[in-house]
Amino acid sequence: MLLTAFAIFTDGLVYAAYLFVVAIGLTLIFGVMKILNVAHGSFYAFGAYGAAIAVGLYFNQGWPAAGGFLLMLLVAMVIGLVLGLIIERGLLRLVYGKDEIVVVLVTYAAFLILEDVIILLWGTNSYALYQPLVIGGNVEVSSLILSGYDIGLVVFAAALALLVTWALKRTRYGRLLTVVIFDRETAAAFGINVTVVYTVTFVLGAMLGALGGAVMAPKISVTLGIGVEVIVLAFAVVAIGGMGSIEGALVGALIVGLCRAAAVHLVPQLELFVIYVVMALVLVVRPYGLFTRAQPRKI
Amino acid sequence: MTYRRKWAQSALVALAALLAAGTAPAPAQQPAAPPQPIKIGIVTFLTGPAAAPFGVPGRNAAEVLIEALNKGKVPAPYNKVGIGGAKIEVKYVDEAGATANTVTEYRNLVQRDKMDVVLGYVSSGNCLAIAPVADELKTLTVFDVCGTPRIFEEKPRKYIFRVNPTATMDNVAAAHYVLRKIKNLRLYSGINQNYAWGQDSWRDFKLALGVLAPKAKSDKVLFPKLFSGEYGAEISTLLTSKSQVIHSSFFDGDLEAFIYQSTARGLPKRIPIIFTTGETSIFRLAKTITEGTMIGARGPHAMLAHETALTKWFRQVYSDRFSQLPVYPSYHMAQSLFGLKAAWEKAQAKKGGARPTTDEVIAAFEGLEFPTPSTTVRMLNGKGHQGVTDTAYGTFHYNKKTRQPELVDVVYYPAGCVNPPPDVDSVTWIKGGMKGAKCK
């Protein structure tokens, strides 16, 4: 029983880390821009493809492992930067101020286009980046074997949460972002260049999405369609935590991760059901998620 | 002019015309019009997670085979141009998307594009959805990869044929192979995708072990969502089990993700795994698969194929074009195309060389026996609409000298050992103790 509880805890943490890394960019973009960005799944997929190909090549040369992990981050940053700029400057800029549904549809169109761009760039083959999993090794704790890479993923997600929270609360740009999240019009009235904030935020969100794909690439088969599954789960996490809330994404990821792990161990038939039951229950009690701020009433 | 003179003049003109016709050179013979092409709609995954391991190898096989068939360059008995002398025209359609969309695309192929035959489908869910529509539209449809036994067991299907055997064959053979490798099996677990294919596969494996090793019990039974991609909790659950073997019918990206993640956590070293569709990943994941993993190919395909002239030819043309060896979905496509060609030409021969109707092709297809690259198919089940073949399993070994994966300890199971007899549904057959199984 103790072993099962320990397994639920560790599995829940690993799954939560995966969900948080994927969802944080999505919630950041929604918080600032009020855009439900379906193309986030494509950022994840591009990050995974980029890492699988570039880092796979790196490891095949037999170069030092640390460089491979750094390259993984670098590739994600570059992909996020390029894709974020293209989508925001080339597409979203044209629909700012339009109905929210229109903007969602535009991001959905971008998602579909980017799926085909993946085929054009990398074909229909699947790619593997297994070396980081091998390098990470494993440790046996009370007859449960844990992957070193999974432990690293949890540490990485925790560090990312701390870094983003610190950046939002302690840096000048973070405070500007917080102001825009709270009230865009007031922020603009106080002289904040909201357009620039939008561009930077979207690019940051795209980088985080690509980062999610890059760090997950060693664990999955990098193949067509990986962005679809991710975006559905990321939406669930963000809806539970509250759209636009970093703490919400963290808590949402932990709730979903732990509940899912408990279901797999105890009642496997409910594995999928439990994620959406949790989401439904939270939304019944808190329709805007757990961590949404009270909205000022505008007259 | 009297009536008699008119008649005489007409007779003279007619006679002159007849004479002229007799002496004039005969007009040049018009070349016979080429037979009307046979239009085949091929549906498989061209995008999405199932494209790389299934859809694209199947499509690639169709491409090289149809090209060779149209040139008449396939070895005997398939050396006649196209199908019955008629060239094949093909349209490829992506199977990706919701099932409702797949059904719409099927209707488009039949009603808008006027396809003579629709061939393909990887997903068992899609096959179950297409079957009644094919009967409704009276269109000859050949399923090539999907394996759920329910297609013909729930209802006879006049217009549907499936050349490759069902999941029952894969999983009954898997049960035999597991018992050969693991003596005194007492406890086993399973992880399968949560839809028709995964559920049916586990059911047949468990039922077969219930007959072959009645004392063995199932422990962890996991059905993660299709394409979920992250299996940390499932792997922990299996690690906490005392099972002696794990059964999995995972395919596509799920199969590969599970292999990466379970290998990193040492699961296959602790508990050996049997992958009923593992062959699709054997080359790509050669360095990741754990020694001793049991591998199936849904028939004696690829590394498990019987070496015939047709097998060697197919392997050669495929690898020449795509620089890689064909995997089992490629063989399933080849089996389906050759089955269709054999049935069509049989019906055409019966009709004195005239183009047969759909009903005539169906009559010829029922109960047909024909060679394919890998093995001989007999359309014995599902009232002659469902093929049966022998099958094989092997154990993974990475040859460090050749740096190539190998399958060792390969065991072949005759068709009569692992497939239900004609017109007996798989569950009834297995639950009844697999009576009539001929395994020697």
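The contact between the two chains takes 37 residues from chain A and 34 residues from chain B, two residues being in contact if their C-beta atoms, placed from the backbone, lie within 7 Å. The side of chain A that touches chain B draws at least two residues from each of α1 (2-33), α4 (100-122), β2 (144-147), α6 (148-170), α10 (226-241), α11 (246-266) and α12 (271-285). Of these elements, α1(A) gives the most, with seven residues. By residue type, this side of chain A divides into 20 nonpolar, ten polar and seven charged residues; Ala, Val, Leu, Ile, Met, Phe, Trp, Tyr, Cys and Pro count as nonpolar, Asp, Glu, Lys and Arg as charged, and the others, Gly among them, as polar.

The model is predicted: local features need pLDDT of at least 70 and side-chain atom pairs pLDDT 80 or more, whereas totals for chains, interfaces and linings use all residues. Residues are numbered from 1 along each chain as its sequence is written, and chains are lettered from A and ligands numbered from 1 in the order in which they are written.

Chain B contains 15 helices and 15 strands, defined as DSSP runs (helices H or I, at least four residues; strands E, at least two) numbered from the N terminus. The C-alpha atoms of chain B fill a box of roughly 115 × 45 × 45 Å along the principal axes. Among contacts in chain B between residues at least 6 apart in sequence, 69% join residues at least 24 apart. Of the 440 residues of chain B, 55% count as buried, that is, with 20 or more other C-beta atoms within 10 Å of their own, C-beta atoms being placed from the backbone.

In chain A, helix α9 (residues 194-216) is mostly covered, with 18 of its 23 residues buried.

How values were computed. Buried ≥ 20, exposed ≤ 12 C-beta atoms within 10 Å, placed from the backbone.
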